[in-house]
Amino acid sequence: MNRSQPTANVPFDVKLMNITATVMFMGCLAACVTAVGWWLMRTPAFNIGRIVVEGELVHNNAVTLRANVAPVLKGNFFTVDLKAAQQAFEQVPWVQEAQVRREYPNGLRVILKEHVAEAFWGPDTGTGLVDKSGEVFEANLGELDREGLPRLKGPEGSALRVLQMYRTLAPALEPIKVGLDSLTLDDRGSWEMALDNEAVIKLGGGTNEDVLQRIQRFVRTLPQITSQYKRTAEALESADLRYDDGYALRLKGVTTGSTAPAAPAARPRR
């Protein structure tokens, strides 16, 4: 019976020949893979030729987005940097978030989410806006699709906090039928708001609940005071709620100052 020759008995020159053949084969395979990869990365067939844009777009349109972003995309279907493409789309005004993925053989699919402006942010002359999630962004104010947005102001990084306080206080003013036009948080943590009749109200500091309680007391008792002077809340010129048990106010056309019942003479707190 013939038996295969043990490996240990294979002559050295045969072993060397086998190793050399294996190395050459692997080298040729690697060269072929490299050549195919080189061809795939450079053939025009895989250049980015189609960008599909999806999402609820109000301030942008798919044609403009493709025209603005396509020139900055580098590479083809296989080599394009998806992270860089995402950042390019998110640099477009009003775009809050972009998701980018490849679509074979030469396309990209982009899902966009736009900011929804909830208020102006910062100085009166600024172009800053804050969206529903409290994120500050810059945009062309001429493209706003809503009118009567309030103006919010505060230290850097406080936009969400100020927005939350606005959402707390605005409904509390409804009984006296005046709107909240602007709300400001200063560096010391004190609040001040302006109404749509240009009245300025100092609210003081504390938690949202503390400030809300002062506003609720003010709204509850203001009609009693204005009626004494045959006025309405529209006549309110200014108010200072930074007292523990009352507040001070000024009414248009009334020369004497007025205070709520039990308003102390003590210095108001910040």
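Is Glu118 buried or exposed? Glu118 counts as buried, because its relative accessibility is 15%, where buried means under 20% relative accessible area, exposed over 50%, and partly exposed in between (1.4 Å probe, protein chains only). The structure is a predicted model, in which local features need pLDDT of at least 70 and side-chain atom pairs count only at pLDDT 80 or more, whereas totals for chains, interfaces and linings use all residues. Residues are numbered from 1 along each chain as its sequence is written, and side-chain values use heavy atoms, with hydrogens and water left out. Helices (H or I, at least four residues) and strands (E, at least two) are DSSP runs, numbered from the N terminus.

**Nonpolar cores**

- In soluble globular proteins, nonpolar side chains tend to be buried together.
- The largest nonpolar core holds 38 residues; such a core is a set of buried Ala, Val, Leu, Ile, Met, Phe, Trp, Tyr and Cys residues joined through side-chain atoms within 4.5 Å.
- Leu169, Leu183, Met193, Leu203, Phe218 and Leu236 have the most contacts inside this core.
- Among the elements that give two or more residues to this core are helix H4 (159-172), helix H5 (208-228), strand E8 (180-185) and strand E11 (236-240).
- A second, separate core has 16 residues, including Ile51, Ala85, Val92 and Val95.

- Leu183 is in contact (heavy atoms within 4.5 Å) with residues including Val162, Met165, Leu169, Met193 and Leu203, when residues up to four places away in sequence are not counted.
- Ser182 is placed in strand E8 and counts as buried, because its relative accessibility is 15%.
- With neighbours within four places in sequence left aside, Ser182 touches Arg151, Glu192, Met193 and Ala194.
- Leu236 belongs to strand E11 and, at 1% relative accessibility, counts as buried.
- The C-alpha atoms of Leu236 and Ala199 are separated by 5.9 Å, although the two residues are 37 residues apart along the chain.
- The contacts of Leu236, not counting residues up to four places away in sequence, include Leu195, Ile201, Phe218, Leu222 and Leu249.

**Salt bridges**

- The count comes to 10 salt bridges, each being a side-chain nitrogen of Lys or Arg within 4 Å of a carboxyl oxygen of Asp or Glu.
- Glu54 and Arg109 form one of them, and their closest N and O atoms are 2.3 Å apart.
- Because Glu54 lies in strand E1 (residues 50-54) and Arg109 in strand E3 (residues 107-114), this pair ties together parts that are 55 residues apart in sequence.
- Glu54 is partly exposed at 32% relative accessibility, whereas Arg109 is buried at 16%.
- Arg50, Glu54, Glu103 and Arg109 are linked in a network of salt bridges.
- Arg146 and Glu118 meet through their side chains in a salt bridge (3.8 Å, N to O).
- Arg146 lies in the loop between strand E6 (136-138) and strand E7 (151-153) and Glu118 in strand E4, so this pair ties together parts that are 28 residues apart in sequence.
- Arg146 counts as partly exposed, at 37% relative accessibility.
- A salt bridge also joins the side chains of Arg151 and Asp124 (3.8 Å, N to O).
- Arg151 is buried, with a relative accessible area of 12%, whereas Asp124 counts as exposed at 56% relative accessibility.

- E1 and E3 run parallel and are joined by 5 bridges.
- Ile51 has Leu108 in E3 as its bridge partner.

Methods:
Two strands pair if DSSP finds at least two bridges between them.
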